[in-house]
Amino acid sequence: MMSRNDPGLPLIIGIGSARGADRFGWDVIEFLHDQKNPPPCHLEICNSPALLSSSLLAAKRAIIVDAMLGPGCGLRWLSVQDIPATLGIGSVHGMGVCEAINLSVQLGVAKDSVRLLCLEVPDPDQKVCTEWIEEAARRILAMISCACWRPVQDGGLLSP
Amino acid sequence: MSAASDPERQIDIEVPLLARVEGEGALEFTARGGHVEKLRLRIFEPPRLFEKFLEGQDHPEVPNIAARVCGVCPIAYQMTSIRAMEKVFGLVEDPWVHAMRRVIYFGEWLQSHTLHINLFAAPDFLGFTDALQMAARFPDEVRRGMLLQGLGNDLLKLLGGRSVHPIGLRVGGFHRAPPRHEVADLVDRLEAARDLVRGFAEWAIRLPCPEDDQDFVEVAIVHPEEYGINEGLLATSTGQMIDFEDYPRRFQEHQVAHSTAYYSMMDGSRYFLGPLARMNLNFLRLPEEVRSFAHDMGLVFPSRNRFRNLAARALECYLAVVESLQILKQYQLPVRPWQPVHVRAGIGHHCTEAPRGMIYHRFELDGQGRVMHATMIPPTSQNQACLEHDLHVSVERFGLAHTDDELRQLCEQVIRNYDPCLSCSTHFLRLDIHREHDVQE
């Protein structure tokens, strides 16, 4: 039987804040947390990318859930290889999600052990739909239920 | 001498937006004919109105709202408001609650200090442009800092329920006493972290530290039996002891044109807060293990070198692990993790030590325990006058015969040394330099 303290369990970490589309990461974690049968994983929220690296270092596998600005509107899987070294815009503390992930990789986190599930929105004030949260949770559960950590396949944008 | 470092040149460094900071501010630096004309940190963060939000709220709501003031040090805001309200209700802190409050505060210090040393300050001291570059050269050191940062988060979660905007604190104590097995897990991790934090502190203390002694007045909480955090009196380096209730009489805020943050003065003069101020005024209250380590490292407190803020932070990380371990090893489940309060009207004042310095709250409550007025004075605004003075002195000592990049780097290092909430970043300055040479006959 699996213990919830098992360090081998994947980490699902929602990053963001309480504002606009940025709350997506927190909403997904809350949704997963409130499931009748919570998934076999560690759930965390994080409010600053600068705090992300320490969590990634402690995890065997991790899915980062975040919102990102883009032309489309929907969910996207990204791998570490998909993200730039830096976006140059940083965040609180001068470190953005890209920098935090790349720092973790530099410190020994395997690139293939990290996935990003992003909600792409054109407007930071975009309201987060329940459908996105549920779909994100479904995709995360599908990913962590695999015996092996599947390669990321972009499922395309999901319109609400 | 090249024109780029001619001290007589006109220097006009404008940083219109201090990017990647918590808060919004700018650095303005102008020199002409070899003299600094303007050197100031302009804070233009819009007012956040939390004190107004709190008006009319019932006292149990206050801690959760106060936590939102700062994502980096929510415990400081929660704890200070809780203690101010407990004073209104005449509540005397229970020993179990007192001990657990120290533990959760240590969690916040450990998380905040390791983050600051590891990712934001150390690259300055080692000459790297950022943490990524530094991690390529010092991967083990950076990894070690992150493990400690994670431990700080877990101390926060133990008593706060979560590390982001914790929800475990309440007026009277805590909503929940952690079960023994959770505490035992953390005791094991703290034991394992003892060598780790010692190594981390040693590395931080050995970073090349500029010699920059200055004369300044510092203020920190002191307590007769413990390293001042949550209880005690305000002490100054001039030997004064000030009750928290006297804060409004001794400390005054005023506005300046270039900042939306108030400036704070003590009896009309600037003052210095933060880890170095605490260490200077509390060194003898450190556990013997930490004090001996400081002696072994050749550290002497009080220190007048403000760059020793980094060493003080490192020692406080060590303190956080050692004292949390000591408290949690003796952990007993309480009958109830909170004390009942008897609501009554009144005014309460309290100060605690946030990671970056002392914070003051004043709460006025009505007979139903609703907030009538709230005042919350953060460490960053209290430090701002001192920080700007420090910038002037440091630039004058460094001299203007340096390039704009070197001068900007110095200013950034001085600012980051305070770990202010508006600039807890590595290399946050987006530069827009206008160079215009004066014609000097």
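**From values to words**

Author: Let us begin with helix α4 (residues 95-126) of chain B, whose 32 residues should span 46 Å at 1.5 Å a residue, and whose end C-alpha atoms are 43 Å apart, which agrees. The expected span of a helix is taken as 1.5 Å times one less than its number of residues, and a helix here is a DSSP run of H or I with at least four residues, while a strand is a run of E with at least two, both numbered from the N terminus. This is a predicted model, in which local features need pLDDT of at least 70 and side-chain atom pairs count only at pLDDT 80 or more, while totals for chains, interfaces and linings use all residues. Residues are numbered from 1 along each chain as its sequence is written, chains are lettered from A and ligands numbered from 1 in the order in which they are written, and side-chain values use heavy atoms, with hydrogens and water left out.

Reader: What makes you speak of a kink in α4(B), and where is it centred?

Author: The bend at a residue is the angle between axes fitted to the seven residues ending there and the seven starting there. In α4(B) there is a kink of about 40°, and it is centred on I117(B).

Reader: Why is α4(B) called mostly covered?

Author: A residue is buried if its relative accessible area is under 20%, exposed if it is over 50%, and partly exposed in between, as found with a 1.4 Å probe on protein chains only. By that rule 29 of the 32 residues of α4(B) are buried, and the helix is therefore described as mostly covered.

Reader: What is found at the start of α4(B), and what follows the helix?

Author: At the start, a side-chain oxygen of D94(B) comes to within 2.9 Å of the backbone nitrogen of W96(B). A polar contact is a pair of N or O atoms within 3.5 Å, where within protein one must be able to donate a hydrogen and the other to accept it, and residues adjacent in sequence count only if both atoms are side-chain atoms. After the helix comes G127(B), whose phi is positive, near 80°.

Reader: Why is strand β3 (residues 62-69) of chain A said to be largely enclosed?

Author: Six of its eight residues are buried, so the rest of the structure largely encloses it. Two strands pair if DSSP finds at least two bridges between them. Strand β1 (residues 11-15) of chain A and β3(A) have four bridges in the parallel sense, and L11(A) has A62(A) as its bridge partner. β3(A) also pairs with strand β5 (residues 114-121) of chain A, in the parallel sense over eight bridges, with L69(A) opposite V121(A).

Reader: What makes β11 and β13 of chain B edge strands?

Author: The open sheet has the order β11-β12-β13 (chain B), with antiparallel pairing, and its edge strands, β11 (346-354) and β13 (371-377), each pair on one side only. The twist averages 15° from one strand to the next.

Reader: How many bridges join β11(B) to β12(B), and how many join strand β12 (residues 357-365) of chain B to β13(B)?

Author: Nine bridges join β11(B) to β12(B), and six join β12(B) to β13(B), so both pairs meet the requirement of at least two. In the former pair H349(B) stands opposite R362(B), and the two strands form a hairpin with two residues between them. β11(B) is also mostly covered, with seven of its nine residues buried.

Methods
Axes are lines fitted to C-alpha atoms, for helices over the stretch in contact, and angles run from 0 to 180 degrees between N-to-C directions.
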